[in-house]
Amino acid sequence: MNSHAQAVVIGGGLVGCSILYHLTKLGWTEVVLLERSELTSGSTWHAAANIHGLHDNTNISRLQHYTMGLYKELEAETGQGCGIFQPGSLYLAQTEAREHQLRLQAAKARYYGMAFHEVTRDEAERLHPLVDFNDIRCIMFEPQGGNVDPSGVTMAYAAGARARGAQIHRNCPVTATRAQPDGSWIVETPLGEIRTQWVVNAAGLWAREVAALAGIALPLVPTEHQYFVTEAIPEIAALDRRLPSVADRDGEYYLRQEGKGLLVGAYEKDMRFWAEDGTPQGFGHELFADDLERIEPNMLRAIDRMPAVGAAGIKRVINGPMIWSPDSSALFGPVPELRNYFCCNGIIPGFSQSGGLGLLSAEWIVEGEPRLDMFGWDLARFGAWAGKDFTKARVQDQYANRFKIHFPNEERAAGRPVRVRPIYQTQKAMGAVFGLNYGWEHPLWFATEGEPREETVGFERQNWWGPVGREARMLRERAGIIDISNFARYRVSGPGARDWLEALLANRIPTQPGRSCLAPLIGRRGGIAGDFTVTCLETGDYLMVGSGMAERYHKRFFDAVPLPEGTRWTSATEAMAGFNVAGPLARDLLQRLTDADLSNDAFPFMRSARIEVAGVPCIALRVSFTGDLGWELHCSEADQKRLYAALLEAGQPLGVGPVGSRALTSLRIEKGYGSWGRDYSPEYWPQETGLLGLVKGDKDFLNKAGWLAIADRPPRETLRTLVIQSTTADATGNEPIFDLDGKPAGKVSSGAYGYHVRQSLALAYLRPDIAPGAELEVMILGRPHRALVLAGAAFDPEGKRLRA
């Protein structure tokens with residue numbers, strides 16, 4: 001065993017071997033994989049190993065299509081068979097909502113050049129004569145769908161990695177991981193120690209135990225999962241070809257050909273947890289006792305769809321463990337609190353994702369950032385608030401509703417509430433319907449008397465559309481009070497505070513107290529890793545406000561810039577709360593509660609001051625994400641209830657009340673304001689987002705080299721506002737856009753109905769040759785909707801209201 005390595009991968013399952021293989025493909029040859037037992041132990045060996053490209057997240061679809069295409073390359077490169085069967089996959093829609101989902105996927109496939117298209121019933125019956133297609137509204141076919149051999153694929157990754165110099169040690173458990181002052185690690189095993197630059201936790205069922213060796217807790221819990229294989233079916237044995245797999249997600253089962261029979265699997269409502277307090281060290285290639293009664297309702301639906309299933313005997317039953325995250329997506333990326341410790345855990349459809357996860361992991365480790373925005377899978381999306389009770393409740397919901405559609409804007413209640421502010425009960429009594437943001441409950445909208453307190457979900461406009469419109473119009477016509485306590489807040493203090501902020505962010509940081517600026521954070525590849533409002537409170541004392549969901553994510557960037565002596569940054573998110581009072585009457589409302597001069601001359605746009613509002617000390621910023629006249633008020637959390645009560649009371653005679661985040665989304669899209677994680681991400685360059693003017697090339701800042709590498713390149717796409725002809729549904733994000741000649745023109749980054757301008761709107765990245773005034777087609781619900789490109793914002797493009 002080598003005593004030194006560039007990376008040590010812990011876990012010899014499918015994903016660990018893929019990461020090892022892709023590290024060697026990027027040129028790292030001094031890499032080692034340690035497996036406590038044999039390769040494929042844990043979940044890999046008993047997986048159904050289906051492969052598919054369908055996913056609601058566009059980047060995950062791209063990742064999965066890369067994986068599907070990789071297996072044949074692996075076979076050719078290594079000579080190791082992967083057991084590839086790709087007879088295709090049929091996707092069935094029994095409901096209108098599922099039809100919308102599938103048509104949207106087909107539109108994305110057309111945009112990205114992927115193979116996924118609608119087929120007629122006659123064609124579907126030819127492809128799979130054993131399926132009863134009665135009551136099916138829509139059928140899609142994915143020619144590359146199928147399955148692979150779990151052991152073959154894993155061994156092929158291992159063979160490819162070994163051929164490039166990697167070492168693999170079986171029966172070699174890791175007993176300790178010790179962080180070193182220089183950022184390296186010492187990994188202890190019974191065979192000796194390895195000093196390594198990177199530790200990669202790909203330990204699957206043992207991810208929690210491996211993480212605990214480094215002092216971290218991962219929100220994961222295993223469950224049982226069953227599928228069965230039938231005896232040979234005469235109709236299948238008589239065929240001279242392999243049948244496509246069937247994804248009947250409305251029926252809550254999956255099935256495919258296995259030998260001359262069928263493999264049928266299900267995610268049952270009556271699920272079972274396993275090893276909640278820790279995976280047994282001696283577990284490896286064992287299975288659980290059969291318990292087919294729990295999946296009987298799913299089996300009966302499969303038999304209705306394919307009667308041959310019911311006529312066949314059962315050859316074997318597989319009941320084995322899987323390990324889940326709270327949202328069933330991977331826990332992926334470097335641990336923000338540690339240096340050079342990488343995780344790739346909690347993967348469910350591993351054989352559809354292993355190649356893409358291995359590639360992006362290797363890019364992140366070797367190059368500092370993956371090519372795709374993976375925030376939806378970044379482990380930083382969860383914090384310490386995602387404890388055992390939350391994780392278990394969410395996993396139970398995810399498992400039991402595995403095939404339920406995740407609708408746009410849908411908020412699921414399992415495991416909540418976790419984090420609440422002092423005014424939570426007050427807002428609840430006022431009719432607030434809450435969403436989840438980095439663990440915090442925050443109001444989405446407020447129901448008035450007689451309106452439902454629970455929202456419906458779907459692709460079309462839902463029961464909250466009207467109440468949200470009422471709030472948005474109230475703010476534009478008078479004013480509104482928005483709870484912004486879920487924003488992330490940081491205090492930077494000390495003699496080097498400004499120097500540190502200058503070294504971190506791309507814009508110039510104000511030196512004069514009372515001044516604010518907008519400042520982007522640049523990623524390793526030159527894209528937008530974050531955007532902040534930075535305010536100088538006093539010399540050596542700054543407040544920085546950013547996206548609440550990205551707080552743990554941004555810690556990686558903050559820690560990459562050394563703090564000057566005597567200077568520190570701290571999170572003030574929990575200690576502080578806040579409100580945005582915005583709208584044409586915002587000044588009138590606030591002036592009733594403060595002696596501070598809020599006139600435009602005394603308190604202009606992008607200025608700040610410490611003031612008292614109703615006797616509550618506040619940091620007041622003259623900014624508003626609504627694009628309207630407004631102030632953000634940041635106060636101590638202990639003062640939140642008192643400030644809220646005073647604002648509501650002062651607003652009542654003006655016809656002003658609370659506004660939720662759904663209305664805020666509509667308002668900021670009317671104004672053309674991008675939001676990080678939707679319209680801004682590391683994938684987009686400053687010259688594409690409209691933020692180029694905030695990047696000062698004559699100063700140093702974090703990742704400036706990455707920005708310089710792309711600074712002179714023309715935009716690949718440009719962020720613009722669209723008005724869409726739609727009366728029943730609005731764009732929400734990721735909808736493909738085509739020009740009138742049918743060529744890909746761009747994609748929606750976020751969308752909503754603009755209640756003030758009375759138009760369906762979207763922010764979209766378009767080809768740079770598409771000018772304002774052009775007509776396009778946006779694929780809402782997977783069908784074309786005519787759209788017009790605007791020259792500027794739909795609301796107040798000159799910014800007169802903002803500066804009033």
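Predicted model: local features only at pLDDT ≥ 70, side-chain atom pairs only at ≥ 80, totals over all residues.
**Exercise 1.** Work out in which order the 5 strands of the open sheet are arranged, and which of them are the edge strands.

*Solution.* Begin with the order, which is 23-24-25-22-26, with antiparallel pairing. Next, look for strands that pair on one side only, and you find the edge strands, strand 23 (516-522) and strand 26 (568-571). Neighbouring strands of this sheet are turned by 25 degrees against each other on average, with direction ignored.

**Exercise 2.** Decide whether S328 and M606 are buried or exposed, and describe the phi of each residue.

*Solution.* Most residues other than glycine have a negative phi. S328, in the loop between strand 16 (314-324) and strand 17 (331-334), has a positive phi near 65 degrees. Buried means under 20% relative accessible area, and S328 has 12% relative accessibility, so S328 counts as buried. M606, in the loop between helix 16 (586-591) and strand 28 (608-613), also has a positive phi near 65 degrees; its relative accessibility is 17%, and therefore M606 counts as buried.

**Exercise 3.** Determine whether the peptide bond from R416 to P417 is cis or trans, and locate P417.

*Solution.* Most peptide bonds are trans. The bond from R416 to P417, however, has omega near -5 degrees and is cis, and P417 itself is placed in the loop between helix 11 (388-400) and helix 12 (424-429).

Notes
Residues numbered from 1 in each chain as written. Heavy atoms only, no water. Helix = DSSP H or I, 4+ residues; strand = E, 2+ residues; numbered from the N terminus. Buried < 20%, exposed > 50% of the residue type's maximum accessible area, 1.4 Å probe, protein only. Pairing = 2+ DSSP bridges. Axes fitted to C-alpha atoms, helices over the stretch in contact; angles between N-to-C directions.
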